[in-house]
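Visitor: Could you walk me through this one? I have the sequence and the structure open.

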Amino acid sequence: MPDETALLIADVFEAAGALRRLGERTASADGLTQARWQVLSVVSDDALSVPQAARRLCVSRQNVQRVANDLVSLGLATYESNPDHRSSPLLTLTPRGQESLARVTDRAAAAHHTLFADIPDEEIRTTRASLRRLLAALDREEGPTGKR
């Protein structure tokens with residue numbers, strides 16, 4: 001009998017890879033990468049410093065800094081002064097960045113609707129609940145040094 005846990009982990013990794021590829025295709029239709037899309041999204045409601053955005057995305061500050069600089073160069077975001085930390089400016093979207101994010105988000109919603117059309121909502125809720133329990137167990141395993 002196969003190890004169902006190992007098979008589940010393999011399936012999760014396979015699904016994550018496929019969803020990343022879908023995200024890259026979705027973002028590229030607007031001239032973005034998935035990383036740029038994620039940073040645009042994380043600062044869309046509230047301006048954040050690069051370290052704050054990195055913590056929310058669970059990635060390195062250096063990675064977010066590079067992407068943030070790209071977004072500023074492209075005119076999709078701008079740095080504003082941070083009243084709480086003079087040497088750590090806040091990243092915020094420009095109107096052009098807001099429009100780009102809206103287009104990519106709409107395209108993603110349409111893709112997700114098509115992708116999940118044959119899966120009943122109850123199955124999606126059940127799967128999500130199982131994944132949330134797994135994530136909670138992983139958080140306990142990693143302890144305070146975990147990145148999530």
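Visitor: Which exposed residues sit on the face of H4 turned away from its buried side?

Guide: This is a predicted model, and in it the face of helix H4 that is turned away from the buried side carries the exposed residues Gln62 and Ser73.

Visitor: And which residues of H4 are buried?

Guide: The buried residues of H4 are Val64, Val67, Ala68 and Leu71. They lie on the same side of H4, because the arc they cover around the axis is only 105°.

Visitor: What comes just after H4?

Guide: Just after H4 there is Gly75, which takes a positive phi of about 80°.

Visitor: New topic, then: which way do the residues of S3 point?

Guide: In strand S3 (residues 90–93), Leu90 and Thr92 point one way while Leu91 and Leu93 point the other way, and all of them are buried.

Visitor: How many bridges join S3 to S2, and how many join S3 to S1?

Guide: S3 pairs with S2 (residues 77–80) over four bridges in the antiparallel sense, and Thr78 stands opposite Thr92 there. S1 (residues 48–49) also runs antiparallel to S3, joined to it by two bridges, with Leu48 opposite Leu91.

Terms used
Residues are numbered from 1 along each chain as its sequence is written. This is a predicted model: local features need pLDDT of at least 70, side-chain atom pairs count only at pLDDT 80 or more; totals for chains, interfaces and linings use all residues. Side-chain values use heavy atoms; hydrogens and water are left out. Buried means under 20% relative accessible area, exposed over 50%, partly exposed in between (1.4 Å probe, protein chains only). Two strands pair if DSSP finds at least two bridges between them. The arc is that of the directions from the helix axis to the C-beta atoms.
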